[in-house]
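Welcome, and please load the model in your viewer. We will go from one stop to the next, with something to select at each.

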Amino acid sequence: MKQNTIVVNPSSTRTDVQSFAQYQSLYQQSISDKETFWGELAQSTLQWITPFSNVKDTSYQKNDFHIRWFVGGEINVSVNCLDRHLAKRANQTAIVWIGDDPQDSKSVTYAELHERVCRFANVLIQLGYTKGDRIIIYLPMIIDAAVAMLACARIGVIHSVVFGGFSPDAISNRIVDCGATGIITADFGKRGGKKIPLKSNVDQAFLDKNCCALIKHTIVIRNSTDPTPLYHNQHWYHDLAAHATSHCPAVPVKSDDPFFILYTSGSTGKPKGVVHGTAGYLLYASYTHKLCFNLQEGDIHWCTADVGWITGHSYVVYGPLANGTTTVMFEGIPNYPDSSRFWKECDKHNVSIFYTAPTALRALIRDGSDYLKTSKRNSLKVLGVVGEPTNPEVWKWYFEQIGHSKCPISDTWWQTETGGVLVSPIPFTTPLLPGSATLPLPGIELALVNEQGQELQGASSGHLVAKDSWPGQMQTVWGDHQRFYETYFSTYPGYYFTGDGAMRNEDGYYTLTGRVDDVLNISGHRLGTAEVESALVAHNAVAEAAVVGFSHAIKGEAIYAFVTLKGGVLGTEDLKNQLNDTVIEKIGKIARVDIIQFSPALPKTRSGKIMRRILRKIANNELDSLGDISTLADSTVVKDLIESRILTT
Ligand code: WT7
């Protein structure tokens, strides 16, 4: 190793990849014979109803474009996450639930979870749902969210979980896009001491006629004592469950049948429905969960993500449960009631693996360190981060202050599209480098390319691509296979383009540097500039809008909007608030625009394309490197924008 890496000696050695040399040879082996590598893993990891006949049937070529894994096989995800553990783990805790209020916590055993999932699945069957139907899940972080997901899995219904922070418009768009015929929600959720009116958001989504026509039933989970009126075809879950038994045979599902749809933002258009297949996804979630966190018998795994994101799917629900782990579900937020929350809960529940987002760590660092005295954090063994680059200072704080320099940090790089982690240290094996996600996992073949699509060798920096498929790779965009190809495979033909820039050092370590497309990463959450722009333009005072990200100490990236108003409209503070209300209504609070600059004109090329590169520089106050503005139709626009810019630092 040429770089200053950190090696953490394990208190107990790993049982799988015991040395760095072993990782290196396993990696080579996995790449030279992928079929054997993934085939053996799939056989030893999952319980199959029908064995697969072909491990890998994938092609990135335009004329023969498809991604299929473990073809011919049949499995059931809920059986893999529940039934097969019952012999050994019936009385083991499957889920520890930590409420928003520190007084609230509950847990369910594998036997209890199995029973609840079967009952819920029977409720869905009673209402007429069958394999291949789509159901939207819009729930808070409560145990029922995992139950509802697994109940869909039990009968082959395709779920699409919508994050509880998304707006009614976001719900109706998703319902219409995937043709959902059912929705599972709760009366209220709770976050940071505030009530979230989920059911009333669903009612508002129904104002969209298309959505109203599609949905046959709304199942509402009672999660508060407040009165909530139910309308036509809305049912309390507890009423339906009273007539349902807890015996429910699992439906066999083909390996490459869609398992779930999760919407994510891209650089253009509306969010895409990322479709994950069944067996490949489950294998990949389980494999990476074991490997990246050095999973051991007895571990208590806490991933703080919401199930509305892919991280919650793979590392709160499916990975941990497939591995028979005790997984923690947290309803609250990191700083409620105060910044000691995470760490006190780690002590209380003996958490051994803790996985969170850098933005949460940055917010906690800002609050000083006094609150760390109220917890010991001695149960922790492995720490993880995901969602955005972790700056080395934050890495060091996490390593030294939180983990007492004893817990390796898994900086896991991945995406909604990848299903699970692609680049991460293997704790106690890979020498760590603060700020770097280090090396690809066995089975994953990556490359850096330059803008011409040529592969770069050795230490270099470029665009990160994958050279070949892996089982967790998304299978298509719901309803638009062409868009799947165009978005990810047309930029660099023959490769999967991640949309990220990265640097690679002489040891092959990857340091991810952020998106190179028009995708924003706000507090680890993904938003498309186009989505925010359409929301702004939906306000009738707005003629045109251009949105860019600027660096923000806590959020990582925040939103700066340049807005051109219609003739005669005054750019007031009140109008700024109204514009933000529109954005929140169309997308949700996570899309709140931090800075709005009213600008009479936007910089455009002669062909009329907005030059976001220049706007990004202005928003970040990087005026020395504005670059070439000679291609602009009118370069005086830039001068005006600079003069009236709003400083962000
Ligand atoms: C984008 C994917 C995968 C779950 C969370 C976000 C960024 C993710 C890292 C990391 C640097 C990271 C990338 C990626 N990202 N993890 N460890 N280091 N950047 O999923 O919403 O699909 O966003 O998040 O830019 O492309 P997502």
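Begin with N233, in the loop between β11 (217-221) and β12 (234-236); strands are DSSP runs of E of at least two residues, helices runs of H or I of at least four, numbered from the N terminus. This is a predicted model, where local features need pLDDT of at least 70, side-chain atom pairs count only at pLDDT 80 or more, and totals for chains, interfaces and linings use all residues. Residues are numbered from 1 along each chain as its sequence is written, and side-chain values use heavy atoms, leaving out hydrogens and water.

N233 is not a glycine, yet its phi is positive, near 60°.

Now select F70 in strand β2 (residues 66-71). F70 also has a positive phi, about 55°, without being a glycine. With 0% relative accessibility, F70 counts as buried.

Next, go to Y336 and P337, which are joined by a cis peptide bond with omega about -5°. P337 sits in the loop between β17 (326-330) and α13 (341-349).

Finally, select the ligand. Among the 17 residues around the ligand, D411, T412, T416, D500 and R526 come nearest (a residue counts if one of its heavy atoms lies within 4 Å). The shell holds six nonpolar, six polar and five charged residues (Ala, Val, Leu, Ile, Met, Phe, Trp, Tyr, Cys and Pro are nonpolar; Asp, Glu, Lys and Arg charged; the others, Gly among them, polar).

Note on methods:
Buried < 20%, exposed > 50% of the residue type's maximum accessible area, 1.4 Å probe, protein only.
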